[in-house]
Amino acid sequence: MDKVTCAVIVLFIFLCYAEILFPTFAPLYYEDSLFESLTVICALLASILFLITAKKKKGRPIKAIFLTLSFMFFFFGMEEISWGQRIIGWDTPDLWKQS
């Protein structure tokens with residue numbers, strides 16, 4: 001894929017996201033919608049794959065890199081769904097709300 005094609009695709013995605021081109025797509029990327037769910041699934045899958053890769057690699061530096069990536073993608077995925085608060089129905093503790 002050449003640079004122009006990539007630029008057009010990125011511009012198209014941005015325009016859809018900014019609700020300029022297709023406002024009807026907006027419900028797809030709202031909070032707790034399809035795109036957020038897909039993002040979480042991909043992030044957690046990447047976390048698992050990095051963890052599996054870390055177990056198979058030899059050498060501490062490379063294992064540390066893959067374990068770090070696994071942790072980062074797990075953290076990102078869980079943060080994307082607020083650590084399950086909205087799914088389970090938990091509310092933020094009052095002590096944390098005051099801070």
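**Questions about a protein model**

Me: Leaving aside neighbours within four places in sequence, which residues is Ser70 in contact with?
Reply: First, the ground rules: residues are numbered from 1 along each chain as its sequence is written, and side-chain values use heavy atoms, with hydrogens and water left out. This is a predicted model, where local features need pLDDT of at least 70, side-chain atom pairs count only at pLDDT 80 or more, and totals for chains, interfaces and linings use all residues. Contact means heavy atoms within 4.5 Å. By that rule, and skipping those neighbours, the partners of Ser70 are Ser47, Phe50 and Leu51.

Me: Is Ser70 buried or exposed?
Reply: Ser70 sits in helix 3, residues 60–80. Helices are DSSP runs (H or I, at least four residues) and strands are too (E, at least two), numbered from the N terminus. Buried means under 20% relative accessible area, exposed over 50%, partly exposed in between, using a 1.4 Å probe and protein chains only. Because its relative accessibility is 6%, Ser70 counts as buried.

Me: Which backbone oxygen does the side chain of Ser70 reach?
Reply: We're after a polar contact, a pair of N or O atoms within 3.5 Å; within protein, one must be able to donate a hydrogen and the other to accept it, and residues adjacent in sequence count only if both atoms are side-chain atoms. Here the distance is 2.8 Å, and the oxygen belongs to Ser47.

Me: What pattern does the protein follow along the sequence?
Reply: The secondary structure has 5 helices and 0 strands. So, by the DSSP-run definition, reading along the sequence gives α-α-α-α-α.

Me: How far apart are the end C-alpha atoms of helix 2?
Reply: Helix 2 covers residues 34–56, which is 23 residues. The expected span is 1.5 Å times one less than the number of residues. That should give 33 Å, and the model agrees, because the end C-alpha atoms are separated by 33 Å.

Me: What do the buried residues of helix 2 pack against?
Reply: Those buried residues are Glu36, Val40, Ala43, Ala46, Ser47 and Ala54. Glu36 has a relative accessible area of 9%, so it belongs with the buried ones. Not counting residues up to four places away in sequence, Glu36 touches Tyr30, Glu31, Glu80 and Arg86. As a group, the buried residues pack against helix 3 and helix 4 (85–88).

Me: What separates the C-alpha atoms of Ile81 and Asp32?
Reply: Ile81 is in the loop between helix 3 and helix 4, and it counts as buried because its relative accessibility is 16%. Ile81 and Asp32 are 49 residues apart along the chain, yet their C-alpha atoms are separated by 7.6 Å.

Me: Which residues make the nonpolar surface patch of about 530 Å²?
Reply: Patches use residues with over 30% relative accessible area and no salt bridge, joining like charges within 9 Å and nonpolar side chains (Val, Leu, Ile, Met, Phe, Trp, Tyr) within 5 Å. A salt bridge is a side-chain nitrogen of Lys or Arg within 4 Å of a carboxyl oxygen of Asp or Glu, and accessible areas come from the Shrake-Rupley method with a 1.4 Å probe, where for residues only the protein chains shown count as cover. Phe75, one of the members, is partly exposed because its relative accessible area is 40%. The patch is made by Phe71, Met72, Phe74, Phe75 and Trp83.
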